[in-house]
Amino acid sequence: ECLMRLKEEDDIYTPHKFLEIARKTGHYCELSRAMIDKTLHYFSTREESFCINLSFDDMKSQRTKLFLEEKLSSFSNPSRITFEIVESQAFDNMTLLSEFIEFIRSYGCLIAIDDFGSGYSNFNQILSLSPDILKIDGSLIKDIDSNAKHQTIVENIQSLAHKLGILTVAEFVHSEAIMERIQEMDIDYAQGFYLGMPRDMET
């Protein structure tokens with residue numbers, strides 16, 4: 001998963017320190033396009049699959065849509081790309097969201113619902129989008145080895161997703177115990193510090 005950071009000399013700033021300011025000042029989509037551009041350039045000479053986050057602001061921006069159209073048209077094998085949509089933003093405008101997903105899929109890209117289970121999780125609306133992947137929110141995963149309630153919720157998400165042919169990813173896998181538990185639950189993929197720490201693209 002490719003995530004945005006701002007770097008100033010030796011200081012690295014995570015999104016919660018600047019994204020809200022960027023939205024209020026009208027610079028968010030500009031930062032997002034720069035992030036997408038850098039990511040596609042980096043992977044243009046590699047073979048891995050990778051994920052890019054998109055917000056509803058990105059989907060509403062005609063300039064960003066035209067930018068994506070240009071970049072995806074020239075990118076080798078865009079089926080390697082998964083675009084992640086944050087669940088809590090997924091219902092502002094279902095028509096716009098559905099049209100954007102159709103546009104992204106026309107290039108062969110995959111669609112993931114990010115942070116699934118963190119909000120109100122309207123299964124009917126989310127599943128009507130036919131996502132390829134559900135990323136189960138870290139708040140449900142981080143204590144799944146000891147929290148029976150969270151185990152039950154995740155088991156239900158996993159069961160429904162598999163019945164519908166949707167892949168699942170456990171976020172925030174930070175220990176061996178968590179990893180063993182999600183393997184027992186037959187979750188398809190894992191993501192978290194236990195498997196690897198974040199690193200700069202340039203290193």
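Helix axes are lines fitted to C-alpha atoms over the stretch in contact, and angles run from 0 to 180 degrees between N-to-C directions. The model is predicted: local features need pLDDT of at least 70, side-chain atom pairs count only at pLDDT 80 or more, and totals for chains, interfaces and linings use all residues. Residues are numbered from 1 along each chain as its sequence is written, and side-chain values use heavy atoms, with hydrogens and water left out.

**View 1. Packing of helix α2 against helix α4.** Two packed helices are described by the angle between their axes and the distance between the axes. The axes of α2 (residues 28-43) and α4 come within 11 Å and cross at roughly 10°. α2 is therefore roughly parallel to α4 (angles under 35 degrees). On the α2 side the contact (heavy atoms within 4.5 Å) is made by Cys29, Arg33, Ile36, Asp37 and Leu40. Arg63, Thr64, Phe67, Leu68 and Lys71 contribute from α4. These residues divide into 5 nonpolar, 1 polar and 4 charged. Ala, Val, Leu, Ile, Met, Phe, Trp, Tyr, Cys and Pro count as nonpolar, Asp, Glu, Lys and Arg as charged, and the others, Gly among them, as polar. Helices are DSSP runs (H or I, at least four residues), numbered from the N terminus.

**View 2. Ser61, in the loop between α3 (56-60) and α4**. Ser61 is buried, with a relative accessible area of 13% (buried means under 20%, with a 1.4 Å probe and protein chains only). A polar atom of the Ser61 side chain lies 3.1 Å from the backbone nitrogen of Thr64. Not counting residues up to four places away in sequence, Ser61 touches Cys29 and Arg33.

**View 3. Ser73, in helix α4 (residues 62-74)**. Ser73 counts as exposed because its relative accessibility is 52% (exposed means over 50%). Its side chain reaches the backbone oxygen of Glu69 at 2.6 Å. Leaving aside residues up to four places away in sequence, Ser73 touches Leu68 and Tyr107. Ser73 and Tyr107 are 34 residues apart in sequence and 7.5 Å apart in space, C-alpha to C-alpha.

**View 4. Phe83 in the largest nonpolar core**. A nonpolar core is a set of buried Ala, Val, Leu, Ile, Met, Phe, Trp, Tyr and Cys residues joined through side-chain atoms within 4.5 Å. The largest has 52 residues, and those with the most contacts inside it are Ile81, Phe83, Ile104 and Ile141. Helix α2 supplies the largest share of this core, 7 residues. Beyond four places in sequence, the residues that Phe83 touches include Ile52, Leu54, Leu68, Leu72 and Ile104.

Terms used:
Helices (H or I, at least four residues) and strands (E, at least two) are DSSP runs, numbered from the N terminus. A polar contact is a pair of N or O atoms within 3.5 Å; within protein, one must be able to donate a hydrogen and the other to accept it, and residues adjacent in sequence count only if both atoms are side-chain atoms. Angles under 35 degrees count as roughly parallel, over 145 as roughly antiparallel, 65 to 115 as roughly perpendicular and the rest as oblique.
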